[in-house]
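Here are my notes for you. Keep the structure open as you read, and find each residue as it comes up.

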Amino acid sequence: MIRRHTTAFRLAMMLADAFGAAGLFWLVSLGRFGPSWRSQWTAVGVDPIVLAAAFASLWVTALWLANLYRLRARWAIRSELFDIIRAATAVAVVVFSLLFVFKLPNVSRLFLVQLFAAEIIATAFVRIGLRLGFRVLRRHGGSARYLVVVGDGPTAQTFAARVVRHRELGLRIVGYVATAPDTGLVGQLGPRLGWIDDLEDLLHSRVVDEIAICLEPNDAALVEPLTRMCVDEGRIVRIPLRTGAPSLTGGRIEEFDGIPILSLVSGPDRALELLLKRIADLVGAAIGLLILSPVLVLTALWIRRVDGGPILFRQERVGLNLRPFRVLKFRTMATDAEARLEALLEHNVLVGHAFKLDDDPRLTRTGRFLRRTSLDELPQLWNVIRGQMSLVGPRPPLPREVATYDIWHRRRLSMKPGITGLWQVEARREPEFDRWVALDLDYIDHWSLWLDLKIIARTVPAMLGGR
């Protein structure tokens with residue numbers, strides 16, 4: 001739990017500390033030596049750029065060793081400042097020792113004193129600012145992940161209090177599932193969403209990313225079946241282990257605010273790689289919109305001239321863990337396409353919970369070409385920018401399709417949908433919906449950044465070749 005939810009926060013702190021240290025080195029040098037500060041360092045026999053980078057690396061290492069990148073059970077400004085001073089003292093000892101060993105008497109001791117003092121103050125302010133910034137971002141829904149607590153006893157209360165205490169993690173408790181008549185001790189659990197027997201329906205009706213199973217010892221027999229059901233649905237399960245670990249395999253023990261947590265994740269759980277995937281999505285989508293802007297403009301003008309408006313088609317789809325969003329596509333069908341759908345359902349060429357026609361009579365003159373070349377999908381780059389989709393992932397289904405899913409189908413919703421995916425490049429002509437889902441689950445189970453790159457590399461020639 002810590003590793004997944006603190007990666008972005010810890011990485012932000014490390015980058016802020018590193019760039020802050022290098023920037024302070026430059027500012028203090030400028031203030032101490034004036035505009036000719038670079039020549040002052042060159043005269044000592046060192047490159048100031050290399051020295052600033054070395055100081056930044058040393059500073060981040062010292063903070064790491066002082067455990068200043070770990071989640072604290074009781075965070076306080078006073079303890080944070082004390083540990084920063086302790087780290088600065090350690091860096092000072094190392095730096096002065098190196099100056100003595102390498103016999104560098106020309107390095108200004110006053111400069112170093114000013115640098116360390118400024119570093120302590122700047123680091124404290126930056127880290128406090130980052131914590132407050134993350135809390136505000138998470139409080140307003142930025143990258144929020146929604147958690148349901150199963151249980152209403154002391155274990156659930158203790159766990160919920162820890163989650164609320166660390167809002168910067170981005171976990172938001174949406175409510176709890178009760179095991180007994182209401183005792184009035186809901187604390188920070190939020191509203192009651194139902195009873196144990198209602199949990200499956202709850203997972204099918206609202207956005208839930210994680211389930212915390214916090215049952216008391218007398219309900220221990222329910223832990224395993226509830227866990228298996230949630231994992232089959234593609235949800236992440238967290239189990240506090242105050243009363244001992246249940247007999248579950250495939251989990252990982254993590255620490256959360258001083259208590260061990262058994263985490264069961266059915267999909268990708270490499271936090272840093274997932275963060276890099278999001279960065280790659282943003283960069284790739286932005287570059288794609290920039291490079292393809294002439295194609296987008298010409299396509300829009302052509303649709304307007306030949307088929308009339310509207311140019312874009314917006315349709316509600318289901319995203320990560322039932323998150324609804326409106327997907328963007330170039331319009332390829334007549335404006336009354338949705339009204340004509342019911343009459344065409346009997347001609348569906350797919351077997352399963354999806355719909356497709358080989359020769360759809362609702363397609364416009366331009367729509368056939370756009371569908372064949374997949375150019376109609378290009379506006380979804382904007383969905384990627386907004387964080388609703390990824391460049392690569394399972395295709396986003398319609399709400400009416402999801403309503404008919406079997407339980408094992410639902411796990412394909414445990415990863416953000418993509419513009420392209422594994423089944424698009426391997427089995428696009430496959431008529432069996434279950435085969436599509438099997439490929440989506442194979443993608444989820446074996447996901448890596450390298451797999452994403454391979455899928456994109458196969459998608460581009462397929463588009464250019466009209467396949």
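1. In which helix is Ala 117 found? Look in helix H5, which covers residues 109-139. Bear in mind that this is a predicted model. Is Ala 117 buried, partly exposed or exposed? Its relative accessibility is 39%. Buried would need a value under 20%, and exposed a value over 50%. Ala 117 therefore counts as partly exposed. Now find Ile 85. In sequence, Ala 117 and Ile 85 are 32 residues apart. In space, their C-alpha atoms are 9.0 Å apart.

2. Next, the largest nonpolar core. It has 31 residues. Trp 59, Val 91, Phe 111, Leu 115 and Phe 116 touch the most other members. Helices H1 (2-33), H2 (37-44), H3 (48-65), H4 (77-101) and H5 each give two or more residues to this core. Take Val 91 as a case. Leaving aside neighbours within four places in sequence, Val 91 is in contact with Phe 55, Leu 58, Trp 59, Ala 62 and Phe 116. Another core, of 28 residues, lies apart from the largest one. Its members include Val 327, Leu 391, Trp 436 and Leu 441.

3. Now the aromatic rings. How many aromatic pairs does the structure hold? There are eight. One of them joins Phe 159 and Phe 256. Their ring centres are 5.8 Å apart, and the angle between the planes is 65°. That makes the pair edge-to-face. Phe 159 sits in helix H6 (residues 154-165), and Phe 256 in strand E6 (residues 252-256). The two are 97 residues apart, so this pair links distant parts of the chain. Both Phe 159 and Phe 256 are buried. Elsewhere, ring pairs link Phe 25, Phe 33, Phe 55, Phe 111 and Phe 116 into a cluster.

4. Turn to the strands. Why is strand E2 (residues 171-178) described as largely enclosed by the rest of the structure? Because seven of its eight residues are buried. E2 pairs with strand E1 (residues 145-150) in the parallel sense, over six bridges. Here Tyr 146 stands opposite Arg 172 in E2. E2 also pairs with strand E3 (residues 192-195), again in the parallel sense, over three bridges. Here Tyr 176 stands opposite Arg 192 in E3.

5. Last, Thr 366. It belongs to helix H12 (residues 365-373). Its relative accessibility is 6%, so Thr 366 counts as buried. Not counting residues up to four places away in sequence, Thr 366 touches Trp 302, Ile 303, Val 306 and Asp 307.

Methods
Residues are numbered from 1 along each chain as its sequence is written. This is a predicted model: local features need pLDDT of at least 70, side-chain atom pairs count only at pLDDT 80 or more; totals for chains, interfaces and linings use all residues. Side-chain values use heavy atoms; hydrogens and water are left out. Helices (H or I, at least four residues) and strands (E, at least two) are DSSP runs, numbered from the N terminus. Buried means under 20% relative accessible area, exposed over 50%, partly exposed in between (1.4 Å probe, protein chains only). A nonpolar core is a set of buried Ala, Val, Leu, Ile, Met, Phe, Trp, Tyr and Cys residues joined through side-chain atoms within 4.5 Å. Contact means heavy atoms within 4.5 Å. Two strands pair if DSSP finds at least two bridges between them. Rings of Phe, Tyr and Trp (its six-membered ring) pair if their centres lie within 6.5 Å; planes under 30 degrees apart count as stacked, over 60 as edge-to-face and the rest as tilted.
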